[in-house]
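Today I want to look up rings, a sheet and some helix pairs.

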Number of protein chains: 2
Amino acid sequence: MIVRRSSNPIRVGTVTIGGDAPIVVQSMTKTDTRNIPATAAQIEELTDCGCEIVRLAVPDMEAAQAISAIKQNISIPIIADIHFDYRLAIAALKAGADGLRLNPGNIRDPEQITKIVRVAKERQAPIRIGINAGSLPPASKPYPSIAEHMVCTALEQIHLLESLDFDLIKISLKAFDVPTTIEAYRAIASKILYPLHLGITEAGLPKAGIVRSAVGIGILLHEGIGNTIRVSLSAHPCEEVKTAYEILKCLDLRQHGPTLISCPSCGRAEVDIISLAESVDRYLREISKPIKVAVMGCIVNGPGEAKDADVGIACGKGKGAIFKKGKVVRTVTEKDFLNALMAKVKNVLNKQVRVPQQSKSY
Amino acid sequence: MIVRRSSNPIRVGTVTIGGDAPIVVQSMTKTDTRNIPATAAQIEELTDCGCEIVRLAVPDMEAAQAISAIKQNISIPIIADIHFDYRLAIAALKAGADGLRLNPGNIRDPEQITKIVRVAKERQAPIRIGINAGSLPPASKPYPSIAEHMVCTALEQIHLLESLDFDLIKISLKAFDVPTTIEAYRAIASKILYPLHLGITEAGLPKAGIVRSAVGIGILLHEGIGNTIRVSLSAHPCEEVKTAYEILKCLDLRQHGPTLISCPSCGRAEVDIISLAESVDRYLREISKPIKVAVMGCIVNGPGEAKDADVGIACGKGKGAIFKKGKVVRTVTEKDFLNALMAKVKNVLNKQVRVPQQSKSY
C-alpha cells in the first residue's frame with residue numbers, strides 16, 4: 001500500500017490536484033498553438049485517450065490569444081507554458097488559461113512575477129513553478145548537487161509567491177537524469193505542502209523514453225510523492241497519456257481500461273502466443289472498463305499462473321482452456337481461441353455491477 | 001548513488017552474478033528448444049544485442065539433450081528452465097547446462113531435489129530457486145500476503161539446499177503484480193546473502209509490459225536490490241534485452257551504447273523534431289560506444305537544457321546549432337541537421353580514449 005504524501009489541494013479549472021485527489025494525467029500539445037483548429041483537434045484526441053489537463057506552448061502573443069478560441073472547442077483545462085516574457089503569461093490568463101507554468105530560469109525579475117501573480121490571483125489560476133535542471137538561474141552560491149540547486153531555486157520562487165499572498169502553487173523539478181530527478185523531488189517533498197507535478201524531461205523516443213519515465217516517475221509515486229504526472233516523449237502526445245496510465249495502473253494508483261497479462265512465450269509454448277496476445281490487445285483497445293485478461297502459453301500451469309486475471313486463455317497444442325479467476329470454464333480448439341476469449345470478456349463485462357468511476361480511481 | 005545490497009557472488013559459466021559484479025542481463029529463447037539451429041540462431045541474436053546469460057525451456061528429454069549441440073554454437077552461458085520433472089534437470093546438466101532454474105511450486109519432493117543437487121554440485125552449476133506468485137506450493141499455514149507465502153517458500157527451499165551443503169543459489173520472486181513483487185524482494189533481501197534475479201512475470205506486450213517491468217525492476221534496483229534482471233515481454237527476446245539495458249542505463253548501473261536525449265516537441269518547435277529524433281536514433285543503433293546525443297526543438301534554450309549531452313543539435317526555423325557539452329560549435333541549415341550532427345558524433349567518438357569496458361560498467 002502506497003501512503004501518499006500530504007499536500008494541499010489546488011484546482012486547475014475543474015480538476016483538483018493534490019490532497020486526496022487521484023493522480024492527474026497531463027500532456028502537452030505538439031501543434032503550433034496559433035493553429036487553432038489543429039490544436040483543438042489534438043486536445044480532443046488527448047481527451048479521448050484520457051488526458052485530464054493539457055499544456056500549450058505560448059511562444060508569442062498570437063499563441064496567447066489563440067487560447068480563447070481553443071477553449072471554446074475543448075472540455076479539459078488548459079495550462080499555458082510560458083518562458084522569457086511575463087506579458088505572455090498575463091495575456092494567456094486573460095485569454096482564459098486555467099493555469100500557468102513559469103520557469104524561474106528565464107523569468108527572474110520579481111517585479112514581472114508580481115505582475116503575473118496579480119492577474120493569476122484575480123482569476124484564481126494556479127502557477128506551476130516548473131524547474132528544469134538544464135535551465136536553472138545562475139547559482140547564487142555553490143551547490144553540492146544539481147538537485148540542491150533545483151530545490152533552492154524552487155524554494156526561492158515559492159517564498160516570492162507567498163510574500164505576494166499567493167498559494168495556488170504546484171512544483172516540478174525535472175531533469176533528464178533519473179537519480180537527479182528523484183533526489184530533487186524527495187528533498188522538496190518534506191519541505192512544502194504544495195502538490196507536486198512529476199516528470200522526466202527530454203526522456204526521448206519510445207521505448208527508451210518510456211523506460212526512463214516509468215523508472216523515474218514510478219520510484220517517486222511508489223514513495224507516495226506526486227499529484228500529477230506528465231510523461232515527455234518524442235512521439236504523439238497520446239503515447240504520453242497511455243504511458244502515464246500504465247505507470248499509475250501497475251502501482252494500483254488509478255484504473256484505466258483493460259490490463260493484458262501475457263506470458264513472454266518460451267520453448268514450452270505450442271502456439272504463437274505473441275500474435276495471439278497482439279490480437280487480443282487490439283480488441284481490448286475498444287473496451288474502456290477495467291478488466292484483467294490473460295493470454296498464457298502453458299495449458300498445464302497457465303490458469304494458475306494467471307489466476308489474478310478476470311478472464312484468460314491457456315493455450316496448448318490445438319486446444320486451449322478458457323478460465324475465469326483461475327478456474328477453467330471451457331475448452332476450445334485453436335481456431336476459436338480469439339473469439340471464445342473475447343466472448344467471455346464481453347460476458348464478464350456485461351455482468352459487472354457498475355460502480356462509480358471516481359471511487360474506483362485509487 | 002545507489003548503495004547495492006551485499007551478496008555472495010556465484011558463477012554461471014563464465015559470468016559472475018552477485019558481489020560487486022555488474023548487474024547481469026538475461027533473456028530466454030522463444031524457439032522450440034529441440035530445434036537446435038533455430039535456438040542457436042536466436043541465442044546468437046541475443047548475444048549480439050547484449051544478452052549475457054540465456055535461459056531455455058526444457059519441456060522434455062529431447063530438449064534437455066539438445067543443450068549439448070546448442071552449446072557448441074554459442075558463447076554465453078545457458079540456464080535450463082525446469083518444471084515438473086526432476087530428471088529433466090539432471091539430463092540438462094549432463095548435456096552441459098551452466099545452471100538450472102527450478103520452481104519449488106512444481107518439483108517438491110526432497111528426494112528428487114536431492115538428486116538434482118548432487119549433479120549440480122559435481123558440476124558446480126548454480127540453481128535458481130524461481131518462485132512465481134501464480135504457481136506456489138500449497139500453503140502449509142495461512143499467510144498474510146502472497147508476498148510472504150513467496151518468501152517463506154523460497155526460504156524453505158534454501159534451507160533444503162543448504163542442508164545438502166549446496167550454496168550456489170540464486171533467488172527470484174516474480175509476480176505480475178508490481179507491489180507484490182516489490183514486497184517479496186524487499187522482504188527476502190535482508191534475510192539472505194544469495195544474489196537476486198529480478199523480474200516481473202507475464203508483464204505483457206510492449207509497451208505496457210515495458211512500463212510494468214521498468215517500474216517494478218527500477219524501484220528495486222534503485223534500492224540496491226538485484227544482481228541480474230530479466231525483462232519478460234510478449235515480443236522478440238531482443239526487446240527484453242534492450243529494455244533491460246534502458247532500465248540499467250537510466251539508473252547509472254550499466255553503460256550500453258548511445259543515449260538519445262530528445263525533447264517531446266511542443267508548439268514552440270519550428271521543425272519536425274520527432275522525425276529528426278527518429279532518424280538520429282536509427283543512426284545511433286549502429287554505434288556500440290556510450291555517448292549522449294541530444295535533439296532539441298528550441299534554438300534558444302536547447303543547448304543549455306541538454307548540456308549533459310556529449311553532442312547535440314538545437315533546431316530553429318531553417319537553421320540549427322550543433323553543440324558539444326552545452327557549447328555551440330557550429331551553425332547549420334535545416335537540410336544538414338542530420339548529417340552535421342552525425343558527423344560531430346563520429347568525431348567525438350573517434351577522439352574518445354578507450355577505457356576498459358569492465359571498469360565503465362557501473
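Below are my entries, topic by topic.

**Ground rules.** I'm working with a predicted model, where local features need pLDDT of at least 70, side-chain atom pairs count only at pLDDT 80 or more, and totals for chains, interfaces and linings use all residues. Residues are numbered from 1 along each chain as its sequence is written, chains are lettered from A and ligands numbered from 1 in the order in which they are written, and side-chain values use heavy atoms, with hydrogens and water left out.

**Rings.** How many aromatic pairs are there over all chains? I got zero. For a pair, rings of Phe, Tyr and Trp (its six-membered ring) need centres within 6.5 Å; planes under 30 degrees apart count as stacked, over 60 as edge-to-face and the rest as tilted.

Next I looked for a charge over a ring (NZ of Lys or CZ of Arg within 6 Å of the ring centre and within 35 degrees of the ring normal). A:Arg212 sits over the face of A:Phe176, 3.8 Å from the ring centre.

**Sheet in chain B.** I noted an open sheet of five strands, ordered E11-E12-E13-E14-E15, with mixed pairing. Strands (E, at least two residues) and helices (H or I, at least four) are DSSP runs, numbered from the N terminus, and two strands pair if DSSP finds at least two bridges between them.

I then checked E13 (residues 311–315) and E14 (residues 319–324) of chain B: they run antiparallel and five bridges join them. B:Gly312 stands opposite B:Phe323 of E14(B).

**Helix pairs.** H8 (residues 237–250) of chain A packs against H7 (residues 208–222) of chain B at about 50 degrees, with axes 9 Å apart. Axes are lines fitted to C-alpha atoms, for helices over the stretch in contact, and angles run from 0 to 180 degrees between N-to-C directions. H8(A) and H7(B) are therefore oblique to each other (under 35 degrees is roughly parallel, over 145 roughly antiparallel, 65 to 115 roughly perpendicular, the rest oblique). In the contact (heavy atoms within 4.5 Å), I saw A:Thr243 and A:Ile247 among the H8(A) residues, and B:Val211 and B:Arg212 among those of H7(B).
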